[in-house]
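Please open the model in your viewer and keep the sequence panel beside it, so that each selection can be followed in both.

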Amino acid sequence: MKRITRRRALVGASAAGAAVTAGTGLTPRRARAAGELTVWWTQGFYKAENDAVIAWMADWEKRNNTKVNLTIMNGPDVITKLIAGMQVGDVPDVVHTVTGDRFLVPRAAWNDQLEDVSDVVESQKAEFTETALISARLYNAKQKKYSYYGVPTKASSLMNSVWLPLLEDAGFSATDMPGTQDKFYDFFQTVQDKLRSKGKRIFGLGYSMAAKEADAGNLFHQFLVSYGGVGIVMPDGKLNIDDPAVRKAAITTLERLTTPFKKGYVPPGAINWGDVDNNNAFFAKQIVMTPNATISIAAAQMDKPDLYYKEIITRGVPLGNDGKPVPSVLAIAPTIIPKGSKNVDAARALLRDFIQPANLNAYLKETRARYLPVMASIVKNDPYWTDPKDPHRQVAVDMGLTKPTVPWWMSYNPAYSAVLSEQIWPQAEANITQRNMTAEQATDEAAKRIKQLFEQYQK
Amino acid sequence: MTAQRRARVIDSIGVWLLSAVLLVWTLLPIYNIIRVSIQEKEEVLSTSVFPIAPSPHAFSVVFRQTFWLLETFWNQMGNSFFIGITVAFLVLAIGSLTSFTISRMRIRSGWMLTNAALLTYVIPMSFLAIPFYGIMGKYGLTNNPIAVIAVEVTFATPYAIFIFQQYGASIPFELDEAARIDGASPLQVFFRIYLPLMAPALVAIGTYALLLSWNEYLYAFLLLSGGKVITVPVTLGKFLVGDEAPWNYLMAAAIVYAIPPLLIYYGFRRKMHGGLTMGGVKG
C-alpha cells in the first residue's frame, strides 16, 4: 500500500472538499428565479383556514402565470424569520403576519424596510374601515413621510367567554351578568365564592398575566381604554403618559388586574400563561370566564352544537363604569411586502387580488369569524356575519365593526411596538404580584421605560 | 443503638429521601407526558393525577396522520432521521480524522487547531443564527436540509475533536508504533488501530451529534420552510400557536419522536463502556 504522508493527506482533503463543493452546487447563486413569488403566511387555527389560502393562491397562480412558493408557518416564527431575512437582505415577496402589527411592522416601516403599498390600499380604500386605514398608515423616518406600509387584512378585538353551566351551578343565569366594567368582572368573583362554597375548585377569572406573547397585553390595553387611558399616545405620535387621566387609568388597570390575582380569583399559573393557555384552562372548566383576543374559544367548539349554542357565552367589552360605551382596541393584521422583494410588481398584484372583498370574505369565513372583516361592506353584503342564530359571531362583529373602535398606538408612534415587545405592562403586573410593588410604583417604573423607548423614535 | 450506627441509619435515610425526590423530579414530567398522551383533549387540563378514561386515540392519530398538523409526520420524521444520521456521520468522520491527524500524526501546531475549535463555543449558537441565515441564503441553500446539516456539523465538531483528543490520549502510542513497524500506513493505523479503540468515544459523540440535530429547533425553523422539508420539532412548535392546542396529540407525537434516539442510545450503550484499551499492549 502506498504510504500516505501528511502533505499528501492535506492535499487530498482539499481536493475532496473542492469536489464536494462543486458537486453539490455550493456556489453563490440567486436564491430564486425572477417571476416567482415567495409568500410567508401565518398559520391558521383551523385546517380550512390554511386550505382557503392555498386554494386562492393556486387559483391566482393559474390566472397570472406566476408561480407562488407559499410557506405557512406559525405566527412567532414568521416574525423571527422575517427579522433574520431583513438583516441579511434575503426576504420573501409577501408576508402575512397576525401579530406583526404589534411587534414588527411599525418599526420596519420606520426603518424603511417595507415597500409602500399605497397603490394596493387605494384600490379598495373606500371599502376599508377607518381604524383599518389608520392602523396601516405608518411613518417612514428615512423618507420622512406617512404612508401605507401594510395592507389591512383582518381584525380582532377583545371578547369575554363565559361558561353558562358554571354560572348556573353558582345559582345565576346569563342575564345576571352586569353590563358595566367593574361590576361585570367583579361578578365572577361572586360566582367563584359560590362555587367554592360547594367545594368546587374553580377560579372566577381567567386573566392572562404573563409577560410573553399577546394576550396579557391585549387585556391590559382594553382595560386601559375602559378606564380612560385611550390617550396614552396622541395621534401625532407624542407620548402622553404623564397626563393625570392616563396615569390614573394605568394605575386603576393594574389594580383591577392584579388584586383579583392576589385574592385568589385568578389561577396562580396565569402569570405564566401563553396565548393558548387561557383557552385550555377554560375548556378544562378551571375558570368561569376569560377575556380573549378573538372568539376562538367558541369557534373551536363549532362542531359541538351544545357547547357552541348553549353553554359558551360570548360577551363584548362591558360599558364603562359611567354606563357609556367603551371603544374596542382593534388589532389589524397586515400583509406586507418587505423591501428587497425580488418581484414587487407581482406581489402588489397578488395583494390587490387578495383584498377584493369577495376573496377576503371567502378567506375570513374559513377563520370561523375568529377574525373580522376590515371592510364594512363584507358584513353588510353577506348574512353569514350577522346571522342572528349565531350567539358569538354577531357579538364580535358588533364590537369590531359596528361599535366604536380605536387603533393600537403603534400606528401613531412605532415606539409603542417596542413597549409591547418588551412586555412593559405585563412586567408591571408582575412587579405588583411578584415583587409587592404598589400600582403607582409599577406605573411609574413602566412610564420611565416607555419614555426611554419613545426617545428613540423622535420624528 | 450506637451513635455510629445511628449516624449510618440517618445517612441512609437521607440518601433514600434525596433519591426519592430526585426520582420523582425526573420521572414526573415523563409521567405527565404519557398521561396527557393517553387522555382525550377535554381531559388534558383536568386536575386528576391519573387519566380518567385512558385511550390510545392520540397515538392512532399520530401513526395514521389524521390530524391536519400531522399530515406529513412520517415524512418529517424521515427528514429528522436524514439530518440526524448525516450530522452524526459527518461529525464522527471529521472529528476522528482531525483528532487522529493532530495527535497521532503529530501535525505541527496542531494544538492551535484544537483550541481554536473550542473557541467557537464562546459565541452562543443562537447569536450566529442570522449570519448563518445570510450565508445559506447567499448559497441558495435556505429550505434545503444541507443548510441545517452544515450548521449542526459546525457546532458539534469542535466538541467532538476535543473529546476524541482527550480520549485518544489514553490509547498507548506503542500500538501505533508497533503497527508502523509491521508496515501499516497511517490510514491502516487509523482504521485498524485508532477507530476500534475509540469506539466508546465514537458512540458517545455520535449520540451527542444525533441528539443535537434531532432536537434542533431554531436553525431548523429558520433554514427550512416547506411542510415537506421541515423536521418534527418545527411541526410540534406549530401546535403551540393556536388558541386551542391539542396537547394529547402533541405529547403522543413527542413520545413517538423520542423513541428512535432512545433505541439508538440503548442499542449502542454497551459499546460506551470504557476499558477497551485494557491489556492492549500486552502480548
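This is a predicted model: local features need pLDDT of at least 70, side-chain atom pairs count only at pLDDT 80 or more; totals for chains, interfaces and linings use all residues.

Residues are numbered from 1 along each chain as its sequence is written, chains are lettered from A and ligands numbered from 1 in the order in which they are written, and side-chain values use heavy atoms, with hydrogens and water left out.

**Chain B as a whole**

Select chain B, which has twelve helices and zero strands; helices (H or I, at least four residues) and strands (E, at least two) are DSSP runs, numbered from the N terminus. The C-alpha trace of chain B spans about 75 × 70 × 35 Å along its principal axes. Its radius of gyration is 24 Å, whereas a compact globule of 283 residues would have one near 19 Å, the value being taken over C-alpha atoms and the globule rule being 2.2 Å times the number of residues to the power 0.38. Of the 283 residues in chain B, 43% are buried, a word that stands for under 20% relative accessible area with a 1.4 Å probe and protein chains only. Among contacts (heavy atoms within 4.5 Å) in chain B between residues at least 6 apart in sequence, 72% join residues at least 24 apart.

**A helix pair in chain B**

Next, select helix 3 (residues 73–104) and helix 8 (residues 186–197) of chain B, which pack at an angle of about 110° with their axes 11 Å apart. Axes are lines fitted to C-alpha atoms, for helices over the stretch in contact, and angles run from 0 to 180 degrees between N-to-C directions. Helix 3 and helix 8 of chain B are therefore roughly perpendicular to each other, the term covering angles of 65 to 115 degrees. To see the contact, show side chains including B:Leu97, B:Phe100 and B:Arg104 of helix 3 together with B:Val189, B:Phe190 and B:Tyr194 of helix 8.

**The sheet in chain A**

Now move to chain A, where four strands form an open sheet of mixed pairing in the order 8-9-7-10; two strands pair if DSSP finds at least two bridges between them. Strand 8 and strand 10 (312–315) stand at the edges with a single partner strand each, so one side of each is left without a neighbour in the sheet. The twist averages 25° from one strand to the next.

**A loop residue and a helix in chain A**

Select A:Thr180, in the loop between helix 8 (164–169) and helix 9 (181–197) of chain A, which counts as buried at 18% relative accessibility. Beyond its neighbours within four places in sequence, A:Thr180 is in contact with A:Pro318, A:Leu319, A:Gly320, A:Asn321 and A:Gly323.

Finish at helix 15 (residues 344–354) of chain A, where eight of the eleven residues are buried, so that helix is largely enclosed by the rest of the structure. Among them are A:Arg348 and A:Asp353.

Note on methods. Angles under 35 degrees count as roughly parallel, over 145 as roughly antiparallel, 65 to 115 as roughly perpendicular and the rest as oblique. Buried means under 20% relative accessible area, exposed over 50%, partly exposed in between (1.4 Å probe, protein chains only).
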